[in-house]
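Subject: Structure for you to look at

Hi,

I am passing on the structure we talked about, with some notes on what turned up in it. Could you have a look when you get a moment?

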Amino acid sequence: MFPKLSFLSSTRKKLINNRKEFHDFIQTTFIEYLKNLDENDQRSFIDSFLIRQREDNKKMTNGYFHNENLKALSGNLFAAGTETTGSTLCWAILLMMKYPEIQRKVQEEIAKEIGVRQPRTEDRFKMPYTNAVIHEVQRFADIVPTNLPHATTMDITFKGFFIPKGMQIVPLLSSVLHDESQWEKPYKFYPEHFLDSEGKFMKRDAFMPFSAGKRICAGETLAKMELFLFFTSLLQKFTFQTPLGISKDDLVLTPATGFITSAIPYKTCAIPCS
């Protein structure tokens, strides 16, 4: 991001080499996908992008569907999605150990609605409590509190402050995810934030872990699907408990310092469900 400050770190060359290796891998993947591309059988996001690219080339239009954008977007989905989804699941397991009564309710809903078969994405819509717990994990964990830098597309005046076009801004997602005017218990883990009086799942406008607007996270739909499938699969097969000699009251919910607010490393015991 700041090449002139590269003398402060010896890792810049390694980072650049890693990025080149990763981009080369993505490029090779594109070539393989092109060999078996079938617009009537779109297997993935890459297929859909390449088909749109082919259409643009026929029309001689110079749009967004070019290789550099595909390379960047695929890389972003992979890198950003892996870290954030993994960190969210680590928080989920930690919170299930901390609040075993919540874990038990999730498992009861899984047993009722899914049983022993493989969880499916569509199960999420008939499992309000599990859905609420996952949403509350995301709100409470606040994985990317400072969001990613954005830039203004025009001159604007916001609350009396003039912000010129092209100015880099950092929208603080943490401020809305812990807004005391929006959440009953903003600094507590409380799945009921997403349940109405009848126990049905309730969407909340202040739930913005993926940001908002036209530049919202491109992987939001993918992340929601992954979190539900992994979380329900884990709790379907295991009950997570603290190791011997450690009480649930000893578990620390203070996040580790970093751009991503990961949980502090912990140990867990995964007990197979009977």
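To read the packing notes, take axes as lines fitted to C-alpha atoms, for helices over the stretch in contact, with angles running from 0 to 180 degrees between N-to-C directions. Helices (H or I, at least four residues) and strands (E, at least two) are DSSP runs numbered from the N terminus. This is a predicted model, in which local features need pLDDT of at least 70 and side-chain atom pairs count only at pLDDT 80 or more, while totals for chains, interfaces and linings use all residues. Residues are numbered from 1 along each chain as its sequence is written, and side-chain values use heavy atoms, with hydrogens and water left out.

Helix packing

Let me start with α3 and α4, whose axes are 5 Å apart at an angle of about 110°. That makes α3 roughly perpendicular to α4 (65 to 115 degrees; under 35 is roughly parallel, over 145 roughly antiparallel and the rest oblique). M96, M97 and K98 of α3 make this contact with P100, I102 and Q103 of α4, where contact means heavy atoms within 4.5 Å.

Helix α7 (residues 220-237) also packs on helix α3 (residues 67-98): their axes come within 11 Å and cross at roughly 35°. On the α3 side the contact is made by T85, T88, L89, A92, I93 and M96, and on the α7 side by A223, E226, L227, F230, F231, L234 and L235. By class, that gives ten nonpolar, two polar and one charged residues (Ala, Val, Leu, Ile, Met, Phe, Trp, Tyr, Cys and Pro are nonpolar; Asp, Glu, Lys and Arg are charged; the others, Gly among them, are polar).

With helix α4 (residues 100-113), α7 has axes that come within 9 Å and cross at roughly 95°, so α4 and α7 are roughly perpendicular to each other. Here Q103, V106, Q107 and I110 in α4 meet F231, T232, L235 and Q236 in α7. The residues of this contact divide into four nonpolar, four polar and no charged.

Cores

A nonpolar core here is a set of buried Ala, Val, Leu, Ile, Met, Phe, Trp, Tyr and Cys residues joined through side-chain atoms within 4.5 Å; buried means under 20% relative accessible area, exposed over 50% and partly exposed in between (1.4 Å probe, protein chains only). The largest one has 39 residues, and W91, M96, V133, F189 and F231 have the most contacts inside it. Two or more residues each come from α3, α4, α5 (128-141), α6 (173-177) and α7, with the largest share, eight residues, from α3. Another core, of eight residues, lies apart from it, with I26, L37, L50 and L70 among them.

Not counting residues up to four places away in sequence, F189 touches L95, M96, Y99, I102, V133, E136, V137 and F140.

Single residues to check

K71 is found in helix α3 and counts as buried at 14% relative accessibility. Leaving aside neighbours within four places in sequence, K71 is in contact with H23, I26, Q27 and F30.

Which residue has a positive phi of about 50° although it is not a glycine? That is D142, placed in the loop between α5 and β1 (150-151) and buried, with a relative accessible area of 6%. N147 lies in the loop between α5 and β1 too, has a positive phi near 55° and counts as buried at 7% relative accessibility.

Best wishes
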